[in-house]
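Please report on the aromatic rings of this model. Cover ring pairs and charges over rings.

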Amino acid sequence: NIQPPEKPLQAEEWNRLRESFLSPRIFEEVMFNSMVRCNSPIDVAKSLLTHVAKSNGDIAYNLLVKYLALCVQQGQTSEICDVYDIMKTRFKILESGAYSLFIRGLSNSDQWRMALTLLEEVKKIMIPSRTNYESCIKAASRHQEMNLAFDLYHEMLAKDLVPTLDVLQAFFDFSRGMKGAELQKELFGILLYLRENQIYPHRTFMRSIKLWFESIPGGNWRGHLTNIKDSGQCPVCNHQLEDSDLTEEEYNNLRERIIRDVIHGTDTFRKTSPQEFEAFQTFVENRFPFDIVIDGLNVSHIKPRKMQCENLFDAINCLAKDNARLLVLGRKHMLINSSNWQRDIMKEMQNKADFFFAENISEDDAFLLYATLRSGKHCKFVTRDFLRDHKACLSDSLTRHLFRKWQRGHQIAFSPSVEGKHIKFLPAFCYDCVVQTTGDTWHIPYKEIFEKKYSYEVPRKWLCIQQK
Amino acid sequence: MQSANVLLKKIVRSSVLPFAGQHGMKKDLLPLSRTLSLSLGLKQDNSCSPSEKLDLDAWKKVMKSGLQEEVSKTAPEHKELSALAAARELLEMWRLAGRLVPENISEEQLKTFMECPSKSAKKKYLKYLHLKEIHKKNDKRKMDEKRERRLEAQEQASKTDETKRNSFVCLWTSGMDKTYSWRVAQSMVFGQPLVFDMSYEKDMSIREVANTVRQIVLSEGCNRRSMDPFHIHFCNFKDDSLYHKEFLKHYREAWGKLLITVTDQCYTDVFPKDKLIYLTADSPKVMKTFDHDKIYIIGSMVDRSIKTGVSLARAKRLGLETAALPLEKYLLWSSGAKNLTLDQMMHILLTLKDTGDWKKALEFVPKRKYCSFVSKPVDELKKTLNLINTLKLGKRQEEVRKLFAKNYSKKLRQK
């Protein structure tokens, strides 16, 4: 790596530097890269360009792009325009990298409308990237052209591009204090987009939303940060959040898809066999509805020091309250008397719960999902598994969202402190953790910026907005 | 032709080539660039006068001055480009921008490129073509160098002018071929069958099929050269399938003369069911010994995306016995999937057949996938492996030592 010079150099000085460089063939490239990294003054870069132009009679495309990157980095608008003129006459078309740089550079300047024309140019040769749109949308909304910004936004959604959270936030930032029913509708639309895609805004984005609500002229909105109670009630406005129950149609849809995509997939034999699945289906039909379906093998590993059947026994005793009907799914090897699976304990458990034993090479998780869904909306299931691989089997994102929603409301997990003497369970959420509204209230879950959040975790912090 | 001209112009104009001439780059140079670099050298000398004042925007003038002639030349070309031509242009620009893009791309490849469903798929495909091109070029270069050396050697030899006499006529290769063929022909009558199940075409991408066929060709080759070859069966083989097309690409006219059995029947129709054993990494059963009376089936499938249970499902459907290699038992596995390539399987099976020695056979498992052969019980060694891994990951040594001490003392207590 080389340090770029601080001042513009003469041709011979460049020559000397080049000679001393290990591989002179890529000297200019390496030099430009380090200029971009060190944010060198553009005069230095210009002097190198001049040197290259004079000795070669031309400048290669990649060097021009690197110079462009430097100009964009420093917001040198007039230089960007010059480079554009040169490139445009020199090359018939440009490639995506250069276009992105031009769009980014120009959208931050007073020449931002040119970025829009460039976007049109990009559309002719390929689908613009989401950051291309981001630059243009931000530029438009910065200049209060909200209609234009929203047109671009809808255009990118129509192209299946996923907008960055930055863009969404920019809409709220730049609409602050602006009037207009149309605008308000659009921004509510963004909130509903968050809801539909189960996206949680981060803290600064949440603040932008809050400030926008509070700034609506005559809106009388007030926002508060809060934690929702376990009962699902908002402590600020006493509003009960919606539960994660699916509609009848969604429910049936999800069940069909689980059978089709997760259990059968490309080949029924991969996870089970047709005979076995049929046997399981008749088993469930004869005995459902269950209240709780338990993944026996998963539960049996909670405490590694205990015998596996003991763990399962504890869990069943803990869950078998109020005459709840339990179904335990296991594999056939559990029936063979062994050090981990003692026959007498297994016998006793089978008096308290229904058991279904799958083949040793079958996947019991798929059965777990099926039995729970077949039993109805009240039925919950117990496993520590996050079921991500099963979610991934579902073929479209809509069903995956349904699955996540259903999972949040129906999965009973173990309390994290399993070290204690007794097994404890965390009840499933009785409210749904998504952006939601009743018209005069909005409840928006948000996450801390640096909080690491896995896909199966849901934020506990909420923004409550109500209209007075 | 026109586009070729444009290409040529661009190459000549790019700054890399003139210097390549000076520094003796290994690429094939256009005859043009050599003269060009000479004239540029002169130009450079002129521009290097020390008294020159630094004009920072001089490059713009240079860039624009070259334009007038350029525009007039390209003007007639400025009509609507077809989609293919536009894609070609775009690729050319990407190449100029330094992305991994092949220099030459055929019409067919261009179409495949345009049909790629996503941007990343396009990028990957281009990178693949680029690397392929580089390999091809390097091979060609090496061939040329070799030929040159050979010519030189011949020249020297002709100077000394000494013809060597040998009692064998130099027919080594064809002689060997005959021996091999004899052995394989024998195996076709008396040998132990080995089945390749060719029913996975739908589970693979085109490139995976090509890889599969390549691996089978290698397997067939090593089978042919072994002392006691298998009688290879390709079962479920459909004519005009992708497999078939790829095989023709590899073998050409030799395809019809291969000493193997190709059939569109299923192995269950050819052999008694109770003799068949399907080899799959997903099998719950582990192979203990190589059985000379059984017929082993290998699924002809390359799955880069690790689709678990595909071949196990096939065996389950037909009610066949399955088996997996005892990799865990003999090797301390470190990383990588347990599925091996088809030619590795072939090597392993041949060695087992000849010697029955697992250690020798499993030498063919790629070294990067395992740490060492197992001499102690595996679970004990696993702890060591975990230790190695934590050390590799740079955990604090103290912690690791404590962990080790803890495990160790526990074991003592258990005893």
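The report below takes ring pairs, then charges over rings.

## Basis

This is a predicted model: local features need pLDDT of at least 70, side-chain atom pairs count only at pLDDT 80 or more, and totals for chains, interfaces and linings use all residues. Residues are numbered from 1 along each chain as its sequence is written, chains are lettered from A and ligands numbered from 1 in the order in which they are written, and side-chain values use heavy atoms, with hydrogens and water left out.

## Ring pairs

Over all chains, the structure holds 45 aromatic pairs. Rings of Phe, Tyr and Trp (its six-membered ring) pair if their centres lie within 6.5 Å; planes under 30 degrees apart count as stacked, over 60 as edge-to-face and the rest as tilted.

A:Phe277 and A:Phe367 are stacked, at 6.4 Å centre to centre and 15° between the planes. A:Phe277 lies in helix H14 (residues 274-287) of chain A and A:Phe367 in helix H18 (residues 364-375) of chain A, so the pair ties together parts 90 residues apart in sequence. Helices (H or I, at least four residues) and strands (E, at least two) are DSSP runs, numbered from the N terminus. A:Phe277 is buried at 4% relative accessibility, and A:Phe367 is buried at 1%. Buried means under 20% relative accessible area, exposed over 50%, partly exposed in between (1.4 Å probe, protein chains only).

## Charges over rings

B:Lys122 lies over the face of B:Phe113, 5.5 Å from the ring centre. B:Lys353 lies over the face of B:Phe230, at 4.8 Å. A charge sits over a ring if NZ of Lys or CZ of Arg is within 6 Å of the ring centre and within 35 degrees of the ring normal.
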